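Trainee: Before I rely on the descriptions of this complex, I would like to go through the terms one at a time. Could you set each value against its definition for me?

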Amino acid sequence: MSITAYETGTATGPADLLTKLGTFAAANGWTVNTPASGKVFTKGTVLAGLFANTASLDLRGAITYAAGNAWNAQTNNAGRTTFCDVGAGPFTAYHFFVGAESGNDYLHAVVEITAGVFRHFVLGQLVKAGSFTGGTYVDSTDWDESVQEINDPEEDLHQVICDAESSNIGGRANGHVWADFDALTNNWARIRETTSFTQGEGIGSVRRQGLTHPNVIVGSQAWSERTPLWPLWYFGNRASSLRSLLGRIPDMRLINIANFVPGQTITVGAETWQVFPIIARPAGTITSSTSYSGDYGYAYRR
Amino acid sequence: MSYATGTATDDSDLLADLRTFLKTSSGSGGPGWSEQEYDSGSKRMWFTAPGLGGSESIPIGFDLVRDTGADAFALRCWMAKTYNGALAWDAQVGMTAIGYHPISDGSMPYWFVANGQRAIVVTKVSTVYTASHVGRFLQYGTTSEYPQPYYLGAPRASNTRWSSVSENFRNFYDPGEASHVLFPSGIWYPVSNFFDSGGAETDQTTANYVWPFQGYVTGNYARERYRELRNNLDGTYPLFPLTLLAENPTAEPLGEIDGAYAVPAFSAAAEDTITVGSDTYLVVPNVFRSQRYHYAAIKLA
């Protein structure tokens, strides 16, 4: 069993979105705390502070709840905030997914900020590779909307969930995973591209520099048009420029969305998945000011 | 699934042991393949494998080739789309090119792993581990959509001594010059990750390939990401599915090889076994290569 509940609706802006997410999460087994500011969502070992900013939904992982502290000042927090640039709203739609794959709890959200244009944020416990202390992931899409960047799916100024391309230029590359290794404790691995290899940080598997890039780019089978789902893997940076697999996001996959419309549900064996573009895949001409994330999409278990 | 391991006294003994293993019924611990023809002189044999459900007929053949002058010996393997006993052995419908698995004419350890749809043969000569795959892989989609997802993963295209260090000499999971996949169209096409150029391991850029060892069609990133990997934080090992990705003549995902995985062999060595859940895997290098990113894990049970 995996997904516990799904909800879709509309929200007037980030504050309304966070309120509705809190209600949804609390109704499905999560504890939603109200610290000095923002909200703190917890379940099991997962803990993340969320804050409704003027034009973004901001998230920061932590390890221990501190009621007297702000959402982003919880004990042993990640030291960085990942931003989901949803804008001020109102939003066309949201989709909330809550569940647990093999006991790994998660809370995932998709926001259709305007018709056909999406953002995503996720938090939960990885399906770990092996055993280690940690495993909480907190990540989001954060798209650079400046002209010439907004329509470039491989631009390193963007951030996507489980990214292997985002650099620290422009203040992005802020997704983070708690993983203690190589004598590092309470270590939040910042997720970013490859050139700045720092021990204790990490990398995802999505976009051009990612391990599964060829898999998703190849698309679907020519005869059947079957499109596989690919895991969203995080890796931790070790000594000697080597990496270890940390795990994958539960009940969420990478998919080539070329054959699907946003929000479509697809059946894979006994499973149902709902697919969305990472940002947008509009029909017609792509201009230098069009939101466009190529064929990259995320699939969420329904 | 079943497997057998032992030491053959020579090339003929290896083939005899393989024949006995493949014919052993599933009730007696073998894969239960049906022998369609056997030539005692040449030791050439055609089998049909029954598939996992017992209703298929997957044609697979083996024999030996010996060149004592060149000190070159090989287990040869091939496949076809159908087997017809009224046709000559080498005139079967939809037959592949012949693949060569270099061995020696002396004593050599072996590992045979097979089920109803495929066999993997691993041999060891000196410190050279050679591995072949014949049979069906796990296709993306249904059998009605892709009825014959066959992969002939052979190390060489001609009889070559086992000690060759050509970069064309590669095992089925990271192939070179002699592997082929049967597309949904019913046509065999080559599968190749690397080729030898002046003795250097050189990326194939437009060929069908096996991920994660290769992915150069979209640049060298995926291959480099794989080569950076080591074992997990707790010392266990991740297994990555050997994924057949097509590029030529069409770009499409085909499926995954059954019973073998890519494994970053950091702090591991050839013939180590690793356990994942209740399964045991044999760690096998790619022929003579010993870098950690050239290993596969072959499921033994």
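Mentor: What follows takes up confidence, the sheets, some backbone details and a pocket.

Mentor: This is a predicted model, in which local features need pLDDT of at least 70 and side-chain atom pairs count only at pLDDT 80 or more, whereas totals for chains, interfaces and linings use all residues. Residues are numbered from 1 along each chain as its sequence is written, chains are lettered from A and ligands numbered from 1 in the order in which they are written, and side-chain values use heavy atoms, with hydrogens and water left out.

Trainee: How do you know what confidence the predictor has in chain B?

Mentor: The term pLDDT is the predictor's confidence in each residue, from 0 to 100; chain B averages 97, and 100% of its residues score at least 70. For the complex, the predictor gives an ipTM of 0.96 and a pTM of 0.97.

Trainee: What makes E9 and E11 of chain A a pair?

Mentor: Strands are DSSP runs (E, at least two residues; helices are H or I, at least four), numbered from the N terminus, and two of them pair if DSSP finds at least two bridges between them. Strand E9 (residues 117-125) and strand E11 (residues 134-140) of chain A have 5 bridges in the antiparallel sense, so they count as a pair. Within this pair, A:Val122 stands opposite A:Asp139 of E11(A).

Trainee: Why are E1 and E13 of chain A called edge strands?

Mentor: The open sheet has 7 antiparallel strands in the order E1-E7-E8-E9-E11-E12-E13 of chain A, and its edge strands, E1 (3-11) and E13 (188-190), each pair on one side only. On average, neighbouring strands of this sheet are turned by 15° against each other, direction ignored; axes are lines fitted to C-alpha atoms, for helices over the stretch in contact, and angles run from 0 to 180 degrees between N-to-C directions. Helix H1 (residues 14-26) of chain A lies across E1, E7 (91-101), E8 (104-114) and E9 of that chain, at about 30° to E7(A).

Trainee: What makes helix H1 of chain B a helix that packs on a sheet?

Mentor: The sheet is an open one of 5 antiparallel strands, in the order E2-E3-E4-E5-E6 of chain B. Contact means heavy atoms within 4.5 Å, and helix H1 (residues 11-23) of chain B touches E2, E3, E4 (58-67), E5 (72-79) and E6 of chain B, its direction making about 170° with that of E4(B).

Trainee: Which peptide bonds are called cis?

Mentor: The bond from A:Gly89 to A:Pro90 is cis, with omega near 0°, and A:Pro90 sits in the loop between E6 (82-84) and E7 of chain A. The bond from B:Trp211 to B:Pro212 is also cis, with omega near 10°.

Trainee: What makes the pocket a pocket, and what lines it?

Mentor: On a 1 Å grid over the protein atoms alone, a pocket is an open set of points with protein on both sides within 12 Å along at least five of seven lines, whereas a cavity is a set where a 1.4 Å probe fits but cannot get out; lining residues have an atom within 4 Å of a point. The largest pocket has a volume of about 1,000 Å³, where grid points are joined across faces, edges and corners and the volume is the space filled by probe spheres set on the points. Of its 40 lining residues, those closest to the centre are A:Leu229, A:Pro231, A:Arg253, B:Pro241 and B:Glu256. By class, the lining has 22 nonpolar residues (Ala, Val, Leu, Ile, Met, Phe, Trp, Tyr, Cys and Pro), 6 charged (Asp, Glu, Lys and Arg) and 12 polar (the others, Gly among them).
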